[in-house]
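Please have a look at the sequence and the structure before I go on.

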Amino acid sequence: MTQQEKTSQVSGFYKLSIKKRIEFVKQFAGLNQEETKLFASALDEATADRMIENVLGTFELPLGIAVNFKINGKEYLIPMATEESSVVAAASNAAKIARLHGGFTTESTEPLMIGQMQLLNAPDVVQAAEEILSNKDKLLGLANAQDKILVNLGGGAKDLEVRILDSPLGKMIVTHLIVDVRDAMGANAVNTMCEALAPLIEELTGGKIRLKILSNLADKRLVRARAVFDKEKLGGDKVVDAFLQSYTLAVIDPYRAATHNKGIMNGIDSLIIATGNDFRAIEAGAHCYAARDGCYTSLTKYYKDKNGDLVGEIELPMAVGIVGGASSMHPKAKLSKRILGIKSAQELGEIVAALGLAQNFAAVYALSTVGIQKGHMSLHAKNIAVMAGATGNLIDKVADQLVKENKIKLDRAKELVAQFT
Ligand code: NAD
């Protein structure tokens with residue numbers, strides 16, 4: 001496939017056999033034979049044993065591909081590791097609709113992470129804060145001495161900020177070390193720097209450093225994505241209005257916002273996992289950012305443009321890496337990065353944002369129109385058929401009948417299994 005022919009837009013992808021889907025991805029991403037074989041392989045024991053403690057084996061998740069994504073004019077197939085049915089299909093559908101207006105546009109800040117150092121028992125907090133700030137260059141120099149690789153790549157410790165906080169234990173100082181982590185997620189890099197700075201801060205201030213650790217509220221490392229969803233394609237003005245009514249509840253009510261943002265994370269986590277990134281870090285950052293103004297709210301924004309089309313936007317912290325951690329160790333994470341064809345952690349972060357927006361749009365659109373269950377039903381019916389004891393071809397036969405009867409219940413599935421065998 002030449003660069004010009006390369007498109008992620010494909011219809012009926014779900015109808016292809018797994019072999020044909022892999023062939024499509026192989027052509028799209030220029031995968032070699034070895035890489036193609038990885039799809040069917042599990043993580044080897046030796047690698048797993050190096051990743052965590054007390055390993056017994058591995059735990060598999062389905063890996064699917066979201067199609068139709070066009071982001072900043074570039075075509076992407078997006079690998080998604082998830083156990084939840086309908087998520088991959090919904091993202092692909094949303095991307096198909098977004099394409100009508102050119103797909104997604106994205107942007108991001110520099111990859112700046114924050115490390116925190118908590119200082120207690122300083123004899124004079126104001127003087128201690130001044131002491132830290134007046135020694136900024138010395139402290140940044142010491143931090144950068146910990147990671148020459150990062151510094152040589154143009155990253156490294158860039159700034160220090162000092163906060164004085166009231167607490168039940170009295171006043172404490174929290175020093176933030178701002179580190180440009182380039183293509184890493186950055187936790188190890190930042191934690192190492194913070195630990196190295198602690199003795200010097202204690203010496204400068206006469207206080208005691210307690211915590212020294214990265215903050216997962218990575219609000220200096222933000223990604224943004226935007227897309228326009230065509231009014232006519234959605235079903236006209238009334239549907240756009242219904243969409244905005246549904247969305248508004250997520251803006252004003254944390255009970256709805258939690259579910260709304262969970263839908264965003266359905267997409268985001270699946271790509272984060274597929275690329276070997278830390279989904280707990282992304283989750284923590286996203287939800288904390290959603291409450292940044294004191295009330296937990298939607299991570300997405302929607303409004304009508306002057307043509308009446310629906311505009312969707314998302315902004316959230318994005319601590320992702322393409323080097324370090326499992327992203328460099330897990331063979332499937334490396335494969336996912338090859339499929340994406342990404343060149344930097346920033347590019348990955350922006351794709352993650354576009355996927356989160358697509359996922360959220362698809363969920364709210366379904367909720368505003370046919371409801372969420374319709375899309376879930378055919379795969380859900382298959383799960384129920386398996387629970388009822390169906391195997392092989394019987395799974396589809398029972399599931400089809402359950403859908404036809406609109407009665408996706410375990411007791412009915414058991415009756416059908418008995419009837420068909
Ligand atoms: P890492 O230490 O494995 O890799 C980062 C290092 O790779 C950098 O410090 C740099 O020396 C080197 N490097 C080489 N090429 C680079 C490039 N192009 N850009 C940037 N660095 C480059 O990984 P990390 O990203 O520092 O840490 C990530 C891991 O830390 C994840 O596995 C995460 O789960 C874990 N972790 C997370 C938390 C948290 O989120 N609170 C806390 C502790 C650990």
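Let me begin with terms: on a 1 Å grid over the protein atoms alone, a pocket is an open set of points with protein on both sides within 12 Å along at least five of seven lines, a cavity is a set of points where a 1.4 Å probe fits but cannot get out, and a lining residue has an atom within 4 Å of a point. Grid points are joined across faces, edges and corners, and a volume is the space filled by probe spheres set on the points.

What you see is a predicted model, in which local features need pLDDT of at least 70 and side-chain atom pairs count only at pLDDT 80 or more, while totals for chains, interfaces and linings use all residues. Residues are numbered from 1 along each chain as its sequence is written, and side-chain values use heavy atoms, with hydrogens and water left out.

The second largest pocket has a volume of about 350 Å³, and of the 18 residues that line this pocket, L299, K301, E313, I314 and E315 lie nearest its centre. Helices (H or I, at least four residues) and strands (E, at least two) are DSSP runs, numbered from the N terminus, and at least two lining residues each come from β3 (105-108), β8, α10 (237-252), β9 (300-304) and β10 (310-317). The lining of the second largest pocket divides into five nonpolar, five polar and eight charged residues, where Ala, Val, Leu, Ile, Met, Phe, Trp, Tyr, Cys and Pro count as nonpolar, Asp, Glu, Lys and Arg as charged, and the others, Gly among them, as polar.

Among the residues lining the largest cavity are S108, E110, R221, M318 and G349, and the lining as a whole comprises six nonpolar, four polar and two charged residues.

Turning to the strands, β1 (residues 63-71) and β2 run antiparallel and are joined by seven bridges; strands are taken to pair if DSSP finds at least two bridges between them. K70 stands opposite E75 in β2, and the two strands form a hairpin with two residues between them, where N72 in the turn has a positive phi of about 50 degrees.

Where does T82 lie? T82 is placed in the loop between β2 (74-81) and α4 (87-99), and it counts as buried because its relative accessible area is 11%, buried meaning under 20%, exposed over 50% and partly exposed in between, with a 1.4 Å probe and protein chains only. Leaving aside residues up to four places away in sequence, T82 touches L61, P62, V87, V88 and S270, contact meaning heavy atoms within 4.5 Å.

Finally, two further residues deserve a look for their backbone angles. R182, in the loop between β6 (172-180) and α8 (187-205), has a positive phi of about 50 degrees although it is not a glycine, and N406 likewise has a positive phi of about 50 degrees without being a glycine. R182 is partly exposed, at 23% relative accessible area, whereas N406 is exposed, at 67%.
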